[in-house]
Amino acid sequence: MTDPTTGAAPSGAAPVASLAIATDGLTKRFRSGQVAVAGIDLHVPRGAVYGFIGPNGSGKTTTIRMLLGLVRPTSGRAFLLGGEMPGAGADVLPRVGALVEGPAFHPYLTGSANLARLDASDATADPRTARRRADEALDRVGLGAAAGKPYRQYSLGMKQRLGLAAALLRPRELLVLDEPTNGLDPQGTREVRNLVRELAENGTTVLVSSHLLAEIEQVCSHVGIMSGGHLLLQGDRAELVARGLPRLSVQTSPEHVGAAAEVLTGLGLTDLQTTGAGVSALLGAVPPEKVSAALVHAGVDLLGLEVRRPNLEQIFVELTGEGFDVAR
Amino acid sequence: MTHSGAMTESRRPAASPTRRALSSPRTRWAVPVVAAVAVGLAFAAPPLFASADDAGLPTISPEELAAQVASAEPSPLSGTVVYTARLGLPELPFGDVGGANPVALLGGSSTMRVWSDGGDRSRVALLGATSEFSVVQDGPEAWTYSSTDDAVVHYSLDAADAARYDELTAQAEAGDLPVQGDLPTPEEAGRQAVGMARLSSTVTLDAQTEVAGRPAYQLVVTPTSDTTLVGRIVVAVDAETSTPLRVQVWAASDTKTPALEIGFTDVSFATPADSVLAFSAPAGASTREVVVPLPDVPEDAAATASDGSAKDLPEGVTVTGTGWDAVVEASGLDVAALVAGDPSAAASLPGVDKTFGSQGAADLYSEFVPEEGSGSPMGDLDTTALYDTLTTEVPEGRLLSSALLSVLVTDDGRVLVGAVPGATLQALAAR
Amino acid sequence: MSLVETATPVARPLRGSLLRLVRSELRLVLGRRRNLVLLLGLALVPLLLGTVLFLSQDTALDGQGPGFVGRVTGNGLFLVVASLFLCLPFLLPLTIGIASGDAIAGEASAGTLRYLLTVPVARGRLLAVKAVGALTFAAAAVAAIAIVGIVAGAAFFGLRGITLLSGTTVPLGDGILRIAAVVVYVGLSMTGLVAVGLFFSTLTEVPVGAMAATVVTAIVCGVLDQLPQLATIAPALLTHHWLDFAEFLRLEPDWGVLGQGLALQAAWVAIFGALAWSRFTTADVSS
């Protein structure tokens with residue numbers, strides 16, 4: 001399944017053909033020397049809703065710009081719908097709807113005039129259906145009533161919706177949505193989630209980036225986590241969560257904390273963290289019941305024992321040592 | 001702290017080198033470089049090709065060439081003439097502000113358009129960026145027209161002279177014309193230069209060249225005297241029509257660039273349209289009438305015209321020395337009137353036009369000056385200031401030194417002119 | 001190769017799609033209020049000049065003025081030439097510099113550039129369309145002066161056969177043709193500036209910077225052209241042949257000189273067009 005001459009298909013994963021987006025060692029070093037994206041291998045299967053998550057400044061947008069052919073990679077390759085970017089852009093981009101780093105339109109044109117301008121730029125779009133398609137897209141994002149208003153009078157949420165409408169001007173195989181919920185109220189955020197879900201049900205692949213994991217976690221089938229230009233983790237969401245390293249915490253009386261820690265260390269548990277009322281450590285391959293037995297055997301006053309699998313956010317915090325929304 | 005090994009592991013592929021090369025930024029930046037080189041070549045190529053110096057013309061001796069030039073019938077022509085003077089004069093206190101202005105001929109570069117029917121009808125236009133100074137000669141009449149101030153000066157003969165003019169033209173089909181309205185042209189300057197070859201000079205041929213796209217011989221007239229300011233005069237002569245196409249006057253002091261150069265950049269030997277050679281004052285233009293007396297033309301004018309020494313001299317004018325070293329001395333001149341722009345004063349300097357290298361340039365000055373006196377044209381140009389700028393104070397009076405010519409105006413009213421260093425004039429004046 | 005096999009039917013560019021984009025661009029350029037105000041400003045020049053000359057017609061100032069201004073009261077046709085002459089050193093380069101400097105940089109600063117490119121519009125094609133837009137605006141700028149000039153000139157002073165710089169008077173029909181040729185030549189003289197503007201426009205996301213650089217280029221060329229010390233490079237300066245429109249007002253226009261003027265513009269267009277293309281097709285769009 002791997003073609004050694006092109007090297008396009010990374011080993012151990014699905015072939016590029018079945019991937020809507022595939023990158024291979026994709027790297028961008030800016031002229032200032034700053035490495036925005038450090039050799040990432042992104043794999044977005046067809047039909048997936050891929051949550052591309054990371055704090056602001058982690059390299060998500062630069063990656064998306066490279067995927068869309070806006071920015072030239074320093075090294076590595078990027079494939080979009082099987083075509084290598086930026087060369088294949090003319091062939092594949094008409095099948096890709098994109099919202100990149102917020103909406104941007106001519107402020108003095110109306111919403112529908114802005115869509116007409118974008119549609120007129122598309123050499124493969126049929127001018128006879130342009131108006132109908134624009135109206136449909138506007139209705140779909142709930143902007144039908146404001147179509148005739150100049151863009152500069154739009155609220156932040158309306159601007160975001162117009163951006164989505166532009167991405168939906170034509171049926172797309174792939175949608176790349178960079179922070180689509182930015183500026184939207186909770187209701188709008190919910191609508192975007194529903195829209196994404198609906199599109200995905202019709203077979204559209206969606207790459208949706210966000211710095212707010214909670215906003216998109218529930219619609220994602222796949223997740224990739226970016227931090228500092230590196231793709232720390234990616235894969236099927238359920239698998240990832242299942243693979244999260246479980247942590248065992250022991251609650252005991254303060255005078256037994258030291259003894260409990262000794263027992264855990266003795267069993268080979270790592271990353272010990274002691275508090276006044278207990279100690280926790282990564283469980284690793286050790287069965288929890290073995291731990292409890294050892295603790296009891298050692299005479300530790302066992303007040304409570306808990307094994308917790310982290311959710312995505314905790315995995316992220318574990319991986320980066322930081323919370324979200326932290327610019328680096 | 002680990003990557004999820006299996007899912008992100010991959011190998012870095014070797015990119016297809018050709019595909020990369022074609023779309024690489026470096027290749028694309030070669031395009032403007034190629035464009036710049038192509039543009040550079042396109043603009044530089046014509047002169048490169050034109051400099052092929054052997055035009056493959058039949059060989060000819062300098063004497064034959066000089067004779068051909070002297071005997072060639074003036075032919076109808078039209079073309080563009082560029083005149084460049086590097087006389088080493090002080091910067092003149094005016095720019096191109098006033099538009100086409102004959103004084104510009106004293107320094108820098110000027111472009112003119114000339115049309116001539118080969119006889120007594122011609123038009124010369126001195127071009128400014130958005131203006132023109134035209135001199136039109138139509139038989140016994142001449143006009144100048146300045147577009148800057150929409151002013152016409154009409155030169156004509158009185159009835160008696162007009163009759164005599166017709167008679168003269170009938171006699172000598174075309175010769176030296178009594179009404180000189182011309183701006184300098186290479187043709188005229190070239191004929192004069194060849195005429196000067198008779199004055200103690202050696203005449204040689206230089207490499208064949210191309211002027212205004214036409215193959216040409218180059219006749220070099222070198223003064224035998226080593227005291228004159230003139231180093232040599234190079235005349236490019238059209239191989240086909242023997243018409244001088246370019247004249248370069250080289251100063252003895254500068255062997256890199258000619259001090260005076262006048263040449264066609266574009267020439268055609270077709271007869272110009274009648275509308276070009278005719279002139280009538282446009283409606284609304286201010287017109288000044290000038291009646292010019294027709295000078296007595298000696299019977300043998302044609303024979304003596306170019307032979308400086310054998311000329312009848314007007315009263316008060318003496319010539320010292322011969323050939324290139326000749327110094328013309330005029331006494332009893334009212335220099336103040338000359339400076340203020342009295343045309344008769346300017347006209348009483350017969351030596352100037354000969355030694356100046358171009359009859360027309362000197363004529364032009366006299367033509368221009370009376371207009372100046374009348375106050376209206378070239379507005380703020382002060383001839384006295386111009387005089388002060390061009391000359392320097394010396395014990396004998398004021399001296400004008402240029403690369404080719406020196407003029408000494410003494411305090412006692414004498415004017416000495418010669419193609420010799422200023423010191424020579426001063427020595428003569430002190431005698 | 002599995003990469004290509006799976007590609008679903010590739011959408012082919014439709015016939016007339018380029019024209020559609022050009023129309024859209026022209027609507028954008030000519031429909032924009034700022035650009036209309038600029039055109040209006042230029043159109044005011046002949047109107048104001050005509051009014052001033054009309055009011056001062058019978059005073060001592062009549063027939064005075066630089067260039068062709070002094071001739072306007074005698075013939076309304078010269079209002080066109082005089083207005084162009086007055087606008088050439090600054091106003092026309094300013095207007096055209098604004099429009100062409102804005103071409104790419106304006107889209108970049110608004111962020112719309114990234115959306116155009118992901119539509120996708122090929123970068124070379126977008127640059128060409130932007131060039132068409134900027135050139136059309138330049139033509140509109142010159143035309144605004146010319147049309148208002150001839151209308152105002154006819155209304156204030158009447159039109160008659162023109163007296164050429166050479167002193168010859170040609171009939172009205174010939175005169176109008178010559179004035180039209182002047183207008184066309186001035187318009188073509190702006191093409192080099194448009195190319196310069198496009199190039200600067202690809203360098204920056206700050207439209208004002210590109211505009212200023214373009215206008216400064218024109219003005220610096222104009223100033224350098226005046227210096228006798230730089231006479232050797234003068235023929236290569238952008239503005240060197242701008243005033244050669246006067247050839248059409250001479251007895252026999254020298255087509256060689258006019259050809260040099262157009263060749264110079266073509267050279268600037270070739271070099272700066274190629275620079276703009278190289279820059280724009282290789283630059284990272286990070287706005």
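Modeller: A residue counts as buried if 20 or more other C-beta atoms, placed from the backbone, lie within 10 Å of its own, as exposed if 12 or fewer do, and as partly exposed in between. By the way, this is a predicted model, where local features need pLDDT of at least 70 and side-chain atom pairs count only at pLDDT 80 or more, while totals for chains, interfaces and linings use all residues. Residues are numbered from 1 along each chain as its sequence is written, while chains are lettered from A and ligands numbered from 1 in the order in which they are written.

Biologist: OK, what makes Ala82(C) count as buried or exposed?

Modeller: Ala82(C) has 25 C-beta neighbours inside 10 Å, so it counts as buried. You'll find Ala82(C) in helix 4 (residues 77-87) of chain C. Helices are DSSP runs of H or I with at least four residues, strands are E runs with at least two, and both are numbered from the N terminus.

Biologist: And how many residues of chain A count as buried?

Modeller: 49% of its 328 residues. Chain A has eleven helices and 15 strands.

Biologist: Let's take one of them, then. How do you know what span is expected for helix 6 of chain A?

Modeller: You multiply 1.5 Å by one less than the number of residues. Helix 6 (residues 186-201) of chain A has 16 residues, and its 22 Å from first C-alpha to last is close to the 22 Å expected.

Biologist: Which residues of helix 6 of chain A are buried, and why are they on the same side?

Modeller: Val192(A), Leu195(A), Val196(A) and Leu199(A) are the buried ones. Their arc, taken from the directions from the helix axis to the C-beta atoms, is only 95°, which puts them on the same side of helix 6 of chain A. An α-helix has 3.6 residues a turn, so residues three or four places apart point the same way. On the other side of the helix, the exposed residues include Asn194(A) and Glu198(A).

Biologist: What do the buried residues of helix 6 of chain A pack against?

Modeller: Strand 4 (49-53), strand 8 (174-178) and strand 9 (205-210) of chain A. The test is contact: C-beta atoms, placed from the backbone, within 7 Å.

Biologist: Last one: how many residues of chain B are in contact with chain C?

Modeller: 27 residues of chain B, meeting 26 of chain C. Helix 3 of chain B gives the most to its side, with nine residues, and that side divides into 16 nonpolar, eight polar and three charged.

Terms used: Two residues are in contact if their C-beta atoms, placed from the backbone, lie within 7 Å. Ala, Val, Leu, Ile, Met, Phe, Trp, Tyr, Cys and Pro count as nonpolar, Asp, Glu, Lys and Arg as charged, and the others, Gly among them, as polar.
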